[in-house]
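Please read them with the structure open beside you.

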Amino acid sequence: MVKLTDITKVYRAGDVPVPALRGINLGIQEGEFLAIMGPSGSGKSTLLNILGCLDKPTSGVYELDGVVVSALDEERLAVIRNHKVGFVFQSFNLLRRLPAVEQVELPLLYRRVSNRRRLALEALTDLGLGDRVAHRPTQLSGGEQQRVAIARCLVTNPSLILADEPTGALDTATGHDIMHIFQRLNAERGITIALVTHEREVAAYAHRTVHLQDGQIVSDEANSSPSRPPAAAEPSPGGDGGSEASTA
Amino acid sequence: MSIVDTIRSAVAALAANKLRSSLTMLGIIIGVSAVITLMAVGQGSQKGVTERIQGLGSNLLFIRPGQSQASDVQSAVYGGQALTLVDEDAYAIDDPEQFPYVEGVAPQVDFEARLIAGGENTSTTVIGTTPGYQYVRDFYVARGQFISDDDITRKGLVAVLGHRVAQTLFGDADPIGKSVRLAVGPANMSLTFNFRVIGVMEPKGATATGDEDDLMFIPLPTMQARIPFLRHPQGLSNVFQISVKVSDRSDFDRAEREIAALLRERHNVANDDFEILTQSDVANLEAAETEISQTLWAAMAAIAGISLVVGGIGIMNIMLVSVTERIREIGIRKAVGATQGDILMQFLVEALMVTMAGGGIGVVLGVTLSTLADGRTILEQSVRAEVSAVAVILAFGVSAAIGLFFGIYPAYNASRLNPIEALHHE
């Protein structure tokens, strides 16, 4: 469903061109769970931004669900982001003012969906936040905030979830909870997931790991036995992974 | 994003920063209310002029003594006003055979006098005139009766009081049948006469010839017979002004021409010793006087308009700050699918909400201030204020336009932000 052909990205620092990606060729199958690894500056975040239509490649062709998105203008890209892609960030990126349920409604607002509230509540309940819907980000723990952010992705029924260091701001146990949620969404709903991380334990949840270095893919390995989280760690609906730290 | 959702989200964003939003609004509120109030006063003063001119009655010609050929002594006695008109002139004009278009004629003499009744006394203008005055000047008695033909022939000592004079002298009591003492001249050697009140005029207010409620009317021959210094050297009866009501405006030119011819013949002069003014001549004189004050009000309204623009710049300033503060929010919204248009609308609607809410409050405040100012005396000027729909729509429309104009640049800036940079903005 994702096909990248000869993707390059060059930033300009003043007059000096700084290449971030140098000829990426990558395909992602529907239902895949892919981890992208690499040292800082290897271009993994740039790759993720291009996959998520937040950024446009300098050259090369990006095809998403049969649409050549690298040829689209900013307005069309916004529509693609809204309909096909969900983002999860290291720093959660929730709006400070809004209660959880309105955070989750946000993408639907831009889609002019009428039964927003119901869909948002469903998504929150699905992620075990049924009793947190009216809480603002400052009243939620880090793990809860990240689950709200995941609910915000899920509510649009995306074909692709992109996560940029989603466990980076969380303690280890909470990080595992979040990874398990991704694993469950991938397995149960068949949602394609691409995840950027520099932690091996996190990448171990994925089916496949791509290593980047200096803007190029240096290895692409399948993972035949993805990690399973400790059985008790899966958050039950309505419950709270008690060990989460509030890192907001 | 639908417009309803956009507005809801704008209200939430403004409510999150109540103090800032209301201070920003204040600039618009002050500007709009000032524009409305000043325009209302300007309009009111114009309307006041129109009303005062209409208050004279309609289709009137005024004949006044003109360039004097009489002695300078006379001119000196009567404050520069020559005595060339006599009551016989007025009776000659009031001739349906010769002047079919003349509907009424009212000669008048007026002078300042003191009136005393009971314990009260007041200074006022006493007008000696004839029964025709009521119809010609479109000014009628409210109680009792006006000077009658009988009063004229008898030279009766009867008086009709202006509305305010009656109130000053008699309060709430009925003045009809009561006695009023009229005193003319310096206090130590004044002539006094007792008049019987036969009527009280309707309230009318100020017209181009002065405050019509502060008058007293007596029969013209009574005045001429009783007050010696008003007598004409040849035993004729001088008048200071003759008001002529003409049936139709289109007859004005003809009336002016023919009456002038008659007077020239009667006075036997080569050069006119009288002048004939039409109502519009009077209006022009009046208009010239008020033009200065109207220009002043217009200038003040313009200054208020500038303050509205300053308020708009305040809005732009705050919106730019707001966009800078919310760069991260803009990035998040873009990441979840907000288009440039969505972001543009969001910030534009916020700016519009501030100006339109400010405009609305300003309209209410401006209308309230105008209503309070109307009819009051401010800085020794009696203020008339009339709020027009045009002024309200204009002020509100301008404030909305200011929101649009000053909101568009910050909103455009916001919409053009790069989503990745915005997301990583600290």
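Predicted model: local features only at pLDDT ≥ 70, side-chain atom pairs only at ≥ 80, totals over all residues.

1. As for the geometry of the pair, helix 5 (residues 142-154) of chain A packs against helix 6 (residues 172-189) of chain A at an angle of about 15 degrees, and their axes are 10 Å apart. Because angles under 35 degrees count as roughly parallel, helix 5 of chain A is roughly parallel to helix 6 of chain A. The crossing of helix 5 of chain A and helix 6 of chain A is right-handed.

2. Turning to the contact between the chains, chain A contributes 20 residues and chain B contributes 18 residues. On the side of chain A that touches chain B, helix 2 (74-84) and helix 3 (100-109) of chain A each supply at least two residues, and the largest share, six residues, comes from helix 2 of chain A. That side of chain A divides into nine nonpolar, three polar and eight charged residues.

3. For the chain as a whole, chain A holds seven helices and 10 strands, and 50% of its 248 residues count as buried. Among the contacts in chain A that link residues at least 6 apart in sequence, 69% join residues at least 24 apart.

How values were computed:
Residues numbered from 1 in each chain as written. Chains lettered and ligands numbered in written order. Contact = placed C-beta atoms within 7 Å. Helix = DSSP H or I, 4+ residues; strand = E, 2+ residues; numbered from the N terminus. Nonpolar A, V, L, I, M, F, W, Y, C, P; charged D, E, K, R; others polar. Axes fitted to C-alpha atoms, helices over the stretch in contact; angles between N-to-C directions. Parallel < 35°, antiparallel > 145°, perpendicular 65-115°, else oblique. Left-handed = near helix turned anticlockwise from the far one by under 90°. Buried ≥ 20, exposed ≤ 12 C-beta atoms within 10 Å, placed from the backbone.
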